[in-house]
Structure formats: structure tokens, C-alpha cells
Amino acid sequence: MVAVAGPATAQPVDPASAAKLAAEKAAALVASRPAILQASSDETFQQSKVFASHGLNYVSYERKYRGLPVTGGDFVIVTDNAGQAKYTSVAQSHPIGALSTTPKLTSAAAAKIAKGQLTSVTNVEGTQLVVVADDAAAAKLAWESTVNGVGADGISRLTVDVDALTGTVLRTNEHVIDATGSGTGWINGSVSLDTTQSGSSYLMQDSAHSTVRCQDASTRSTFSGSDNVWGNGNGTNKETGCVDALYVAEKQFAMLSSWLGRNGQNGSGGAWPIRVGLNDQNAYYDGTQVQIGKNTAGQWISSADVVGHELGHGVDDNTPGGISRSGTQEFVADTFGAATEWYINNPNDPPDYQVGEEVNLVGSGPIRYMYNPSLAGDSNCYSSSTPSQEVHAAAGPGNHWFYLLAQGTSGGGSGQPSSTACNGSSVTGLGIQKAITIMYNAMLMKTSSSSYLKYRTWTLTAAKNLYPNGCTEFNTVKAAWDAVSVPAQSGDPTCSGGGTTPPTTPPTTPPSGGSCTGTNGTDVSIPDAGSAVYSNITISGCGRSPSTSSQVEVHIVHTYRGDLRIDLVAPDGSTYNLKTNSGSDSADNVDSTYTGNLAGETANGTWRLKVQDMYSRDTGYIDSWTLTL
């Protein structure tokens, strides 16, 4: 145990370099074919986009089986900025096995079956051979077609997987995701818009992001004008509807960047055209556009929570795994609608947790209440029947969870209503910015097998990764899920870290009588670039001097262990350096046993583990340590 001094500085992280490193480390991990991937020798993997958020990188993958795309074969590898793998989220729960790739059904016959899923069809986008690896069933060869037209619930863009051997419809995926109502085009009042000058005229198109624009749904042309003054304040006027729609889209773009570190709704610096003029009491996103309809008074429903919700579907669609499934898609979009409304904080539409509160769509007020879904006839609490309910009704438990996570059971003291937990518990909220950050980072782990049960695991994992210096956020996520009756899962992580402020006097854990060894397992938080903290062990009844090969076993959770200097302080104040700080050691955690000569010390007394974080940006805590004299 010798003191080693040396200047070292933890370097700032370059996002592009971190993403490149994450991609390389993920590729190396995938090449080793770990068992969690459920992979066979017939499979290959294609790395997709790397998403970055709050010091974490999410590397998504698609799978192919003998050259065919595998629907349901996707997975995500989460790394830190040092490339260290933190978590792997895999859609498949079992291997594909040996599967013939020779179809009995022709592609034309399969396309005909797919078209039969709609009442009328305008076109078929294409048909391809795929493998369907459903989470709950054996893998099957299938023809996959996407058809456009009208279904039982209205306008449809439907992907249909048809068994290539039997002609059975295996699964469908609706891309038209609707939100029934909310907000009017005139609700935001006088606002500023970022528009584009084109010659002597102007376009309702963001000057920095050309795909963020608003159009007339009838002509699909972007609104233009000569004076850059838009709308007349009348909610039945399409251009006025576009004023609010573009305003909300631009504000949400800013929120995604400021709060979440995301580059636009599509993740690549853009979005989709918003088209005002749908002749329906509705609004929808279909993967290519957002359509905005009207209320019974003919006013265009371009409010913050509607436009934010529809673009939120786009965010969901453009994160790993695509649109959320099993009854979760509408609550996911509602969280983005709420976050957008709170970020905008327009006095003409004060932020809240109602959906559609500004427009009387069909004469019954808001259509959803996140703090109490039962006010709209939806369930506050999850049950096994929730995933099979109509998707808007199924949003109830998820909306309730998000409200409890953000505001808590008391409403958070911000004028929001109280909310009753299904289990009668009390939850203290984290605020909406932390809530949406946790939600978004969970979505970056999402696979095509998403569900309420998996969102519980993903949000807990996100909270643990995002806030490694304590368990406050983790415990709040857990308490909120418990409060809406979503049950614990075997894959749920645990958290044993302390709070963000270490105890003034670290507690001691004396060994049982007469021993020359002791352990302290009480967590002690390590402040970022702060003063040293201590964890004590009191030795009593040891009838000999310490050994010349005494051991100190140390376990510290930390996101950049090079920041840490670790010392052992003897009862007489003598200090022995165990580990010096280093700007080049970017790995996570300290799990080491240090051996040294302590024979000159008196064994009995209080020994102290001293830990100091020397540089900023990374945090952690002493998990446990053991002293053997």
C-alpha cells in the first residue's frame, strides 16, 4: 500500500466518439453471440441507429434468418460512454430453430389475403418474405404486406403477416395511430413561428428543419403567404389550425433537444408534414404524416396535447422496436403530449394532465384524465385484461403511472389534483422532466415485444442507469408501478445505492466478538468532485497484531472509477493509499482486494475507508468493504 501521486483529468465526452465506441463495443458483443440473443448459426445481425441520451448509448439491431428479415428478432444493447455494456433488451424469448424458407403460398395470394383485412384498399406498398418470431409462439415463415385503405375503424395503413405455408394471418400492425380529440387551433393565441422565406413569399415550414411543416390536408400543399402573418384567430380556419400545429411541433422539437437530447421527432433532425383538414373528429399519425381533424363545432384540434401526442407516436415509431404494443401505445404518446404542454407552458393553455381539456369534442369535456382515468370510464389499475382492451381505454394504467411518477399522489403541490394509488400507498413525484426522461430512455430499450410488464422493467433499468448515485428515482418508478398494480417481473433490476447526500457520520458495523475481520455493507454516497467520505469498521477483541498481508476488499459502484482516490485510515490516523485517481481509467466500478503490511498498527479500534471523487461528471457510492487483519 503506497501513495502514488499523479495529475489526471477526466476528459469531457465527445458524443460522436462515444456513439462510435458504443457501436464498436456492441458489435464485438454481438459477434460473441451471447446466449441472451437466442441466436443460431443461420442468423446475421444488422446494426441500426445509435441513440444517445444522458451519458448512455442505445445500439439497436435487426436480425435476419438465412437472409430473410426476422419480424420480432430485434434487440438493443445499452452502453455507457466508455463502451461498457449496461443492459441488453431482446424481443425473442426462444431460438428460431430449424425453419424452411421455401413458401407454399405465392406472394400474390398472400397480398390478396392481406387486402382482405380492410373493407376497401387503395394500394399495396409491397410484399416480402419474412420470418415471424413471435414472443409467445414458434417462429414461422410469412409473407408481409402493407396495405392502405379503410378498415372497420376508419383510415388504415396496415402491415399484415400471412403464414407462407397455410395462408393464416399471423399478426397485423396498424400504423394509423389516432387520438380522439383535444384542443383547438386558436387556443395558443398570438405566437411566434419559425418560417421559411421562398423568394417574395413565406412558407409555414421551419427554416432549420424542412420536414417540420404544416399543410392543407385537401391539397397537401404547405401554407404560404406574402407577409409572414398567419391565421385569423378563427378555429374553423385551416391556416389558423396550422398556426397552432406548427407552433406546437417547433416547441416539441425544442423540448426533445433540451430535456432528452434527441434530434427531432424522427431522431434525425426532422419530423413529418402536419396536415390540417381531416373531415373527422379525430387526429392520427401513420408513419408518413400527421392528420388533424375537427371537433363538432368545426374547429381544428391543433392543441399542444393533441399535436404533441401525435408527434409522440412518431417518436415511439422511430425508437427501437417501433410503435409500442399490447395496449401501451396510447399512454406512451400521452406522456409526450403532457411533456410538450408543460414545456410550452402557454398561459392560454395552462399545463395539466388532462387530454383534450381545451375542446368540447363531442359535448363531454376531456377525453382522458391521467391523474384519474376512471373519470373517462377507463381503469386506473392494471389487470391481465388491460392489453386486450381498446387501445385508448388500455392507456389508463399507464397514464396513471406517469402522473404518479411526475406529480405523486398529492399532486406535487403545483395546483395539480391528488391521485389515489390502487394499493393505497403514498408516492412523491419526481417532476415531469425527470418522468419523461425516464420514459424516453426506457423507450430506447424497447423491442417489438413491448408491453406493460416490459415497460416496468425498462423504466426501472432506465432510472438505475440514469441516476446511479442513489435509489430515489428508482424507488419512485417502482412505487408508481406498484401503485397501479403492474406486477413485479423476474427481469426487474434492484437498487441498493444510498441517497445523494452521504450521512454526516457513516455508521459502523462491528464484527461479532473477538474477530480480526469486519464488514460494513451500508451504502455511502460519494459526492461528485467533492469532499472525501468515510465508511467505518470497528475491530474489537482481536488478540494479535495485524498481518503483514492484511487485506482490504472494496466494492464501489461508480460510472468512472478513475475519478476515485481510495485510502485506508488506521485507528491512529495513519493513512495507506489503496488506489490513486486516474484520468485514463474510464471503466465502471471498483471491485478489488488490496493486500499490504499493517503489522505496525494496533488491530483494535476504528478503521476507516476514505474515498474521494477527484473530478466532475460521474457519480457513485461505497457499496461495501471488508477488512481482514
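Reader: Is C214 buried or exposed?
Author: This is a predicted model, and the answer rests on the relative accessible area computed from it. Buried means under 20%. C214 has a relative accessible area of 0%, so C214 is buried.

Reader: Which cysteine is joined to C214 by a disulfide?
Author: Happy to show you! A disulfide is a covalent bond between the sulfur atoms of two cysteines. Sulfur atoms within 2.5 Å count as such a pair, and here the S to S distance is 1.9 Å. The cysteine joined to C214 is C242.

Reader: How many residues apart are C214 and C242?
Author: Start with where each one sits: C214 is in strand 13 (residues 214–216), and C242 is in helix 3 (residues 238–260). The pair therefore links distant parts of the chain. The two cysteines are 28 residues apart.

Reader: What handedness does the link of C381 and C422 have?
Author: The sulfur atoms of C381 and C422 are 1.9 Å apart, and they form a disulfide. C381 lies in the loop between strand 20 (368–369) and helix 6 (395–406), and C422 in the loop between helix 6 and helix 7 (432–443), so the pair ties together parts that are 41 residues apart in sequence. About the S-S bond the angle is -100°. That link is left-handed.

Reader: Are C381 and C422 buried, exposed or partly exposed?
Author: Good one to check with the cut-offs: buried is under 20%, exposed is over 50%, and partly exposed is in between. C381 comes to 26% relative accessibility, and C422 comes to 28%. Each value falls in between, so C381 is partly exposed, and C422 is also partly exposed.

Reader: What is the torsion about the S-S bond of C471 and C495?
Author: A disulfide joins C471 to C495, with 2.0 Å from S to S. C471 is buried at 6% relative accessibility, whereas C495 is partly exposed at 22%. The disulfide is left-handed because its torsion is about -90°.

Reader: How many disulfides does the count come to, and what is the pairing in sequence order?
Author: The count comes to four disulfides. To describe the pattern, number the bonded cysteines of the protein chain in sequence order. The pairing is then 1-2, 3-4, 5-6, 7-8.

Reader: Which residue in strand 28 stands opposite V569?
Author: Strand 25 (residues 564–569) and strand 28 (residues 605–613) run antiparallel, joined by six bridges. The charged end of the residue you ask about sits over the ring of Y534, 3.9 Å from its centre. Opposite V569 stands R608.

Reader: What kind of aromatic pair do F45 and F75 form?
Author: The structure holds 16 aromatic pairs, including this one. The ring centres are 5.5 Å apart, with 75° between the planes. Planes over 60 degrees apart have their own name, and the pair of F45 and F75 is edge-to-face.

Key:
Residues are numbered from 1 along each chain as its sequence is written. This is a predicted model: local features need pLDDT of at least 70, side-chain atom pairs count only at pLDDT 80 or more; totals for chains, interfaces and linings use all residues. Side-chain values use heavy atoms; hydrogens and water are left out. Helices (H or I, at least four residues) and strands (E, at least two) are DSSP runs, numbered from the N terminus. Buried means under 20% relative accessible area, exposed over 50%, partly exposed in between (1.4 Å probe, protein chains only). Two strands pair if DSSP finds at least two bridges between them. Rings of Phe, Tyr and Trp (its six-membered ring) pair if their centres lie within 6.5 Å; planes under 30 degrees apart count as stacked, over 60 as edge-to-face and the rest as tilted. A charge sits over a ring if NZ of Lys or CZ of Arg is within 6 Å of the ring centre and within 35 degrees of the ring normal.
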